[in-house]
Amino acid sequence: MSNSNNATNQIGLEKADMSEVIAKLNNLLSTYHVFYLNVRGYHWNVKGEHFFTLHPQFEELYTSLQLQIDEIAERILTLGGTPLHAYSDFAQHTSISEDKNVKDGTSCVKGVVTGLQALIAEQRQVSALAEESEDQGSADLVDAYVQEQEKLVWMYNAFLG
């Protein structure tokens with residue numbers, strides 16, 4: 001089926017309504033990239049008594065983030081947008097800060113919790129906007145991430161005591 005209507009994208013959603021969703025997804029993509037880099041840093045640099053526990057946990061987390069980054073970028077493309085792909089863009093559109101030179105396990109875990117909480121809050125906003133725009137696909141995508149990340153926040157906070 002060919003889409004001859006220029007007012008809708010390839011999946012039948014109004015292009016005008018999707019521009020804001022695409023912008024929010026690009027902001028989310030940026031936050032994911034910065035958080036991914038933070039978690040890679042935690043993985044590489046963590047030291048101390050919890051190294052053997054945290055090192056593989058951080059690898060599992062950044063591997064998951066890498067897949068989510070790809071899914072978000074593909075969703076942006078599906079909606080007719082262009083995913084941001086330059087670090088300068090990520091730095092401009094992220095809702096979190098770089099976390100440099102963190103080595104202490106507790107500080108790394110606190111950084112993970114802070115990053116996850118930021119992602120959850122941002123994804124809830126994306127979900128609400130997507131539902132408003134009748135974009136159930138984007139809402140479902142980020143809602144699944146939120147559910148997974150809420151559990152991770154609980155687990156990492158349990159580590160912190």
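Visitor: What makes α1 and α5 count as roughly parallel to each other?

Guide: The axes of α1 (residues 15–45) and α5 cross at roughly 30° and come within 12 Å. Angles under 35 degrees count as roughly parallel, over 145 as roughly antiparallel, 65 to 115 as roughly perpendicular and the rest as oblique, so α1 and α5 are roughly parallel. The contact (heavy atoms within 4.5 Å) is made by Val21, Leu25, Leu28 and Tyr32 of α1 and by Ser138, Val142, Tyr145 and Gln149 of α5.

This is a predicted model, where local features need pLDDT of at least 70 and side-chain atom pairs pLDDT 80 or more, while totals for chains, interfaces and linings use all residues. Residues are numbered from 1 along each chain as its sequence is written, and side-chain values use heavy atoms, without hydrogens and water.

Visitor: Why is the pair of tyrosine 42 and phenylalanine 58 called tilted?

Guide: The ring centres of tyrosine 42 and phenylalanine 58 are 5.8 Å apart and the planes stand at 55°. Rings of Phe, Tyr and Trp (its six-membered ring) pair if their centres lie within 6.5 Å; planes under 30 degrees apart are stacked, over 60 edge-to-face and the rest tilted. The pair is therefore tilted. Tyrosine 42 lies in α1 and phenylalanine 58 in α2 (residues 51–78), 16 residues apart.

Visitor: How do you know whether aspartate 135 is buried or exposed?

Guide: Its relative accessibility is 0%. Buried means under 20% relative accessible area, exposed over 50%, partly exposed in between (1.4 Å probe, protein chains only), so aspartate 135 counts as buried. Aspartate 135 sits in the loop between α4 (105–132) and α5 (136–160). Beyond neighbours within four places in sequence, the contacts of aspartate 135 include Arg75 and Leu79.

Notes
Helices (H or I, at least four residues) and strands (E, at least two) are DSSP runs, numbered from the N terminus. Axes are lines fitted to C-alpha atoms, for helices over the stretch in contact, and angles run from 0 to 180 degrees between N-to-C directions.
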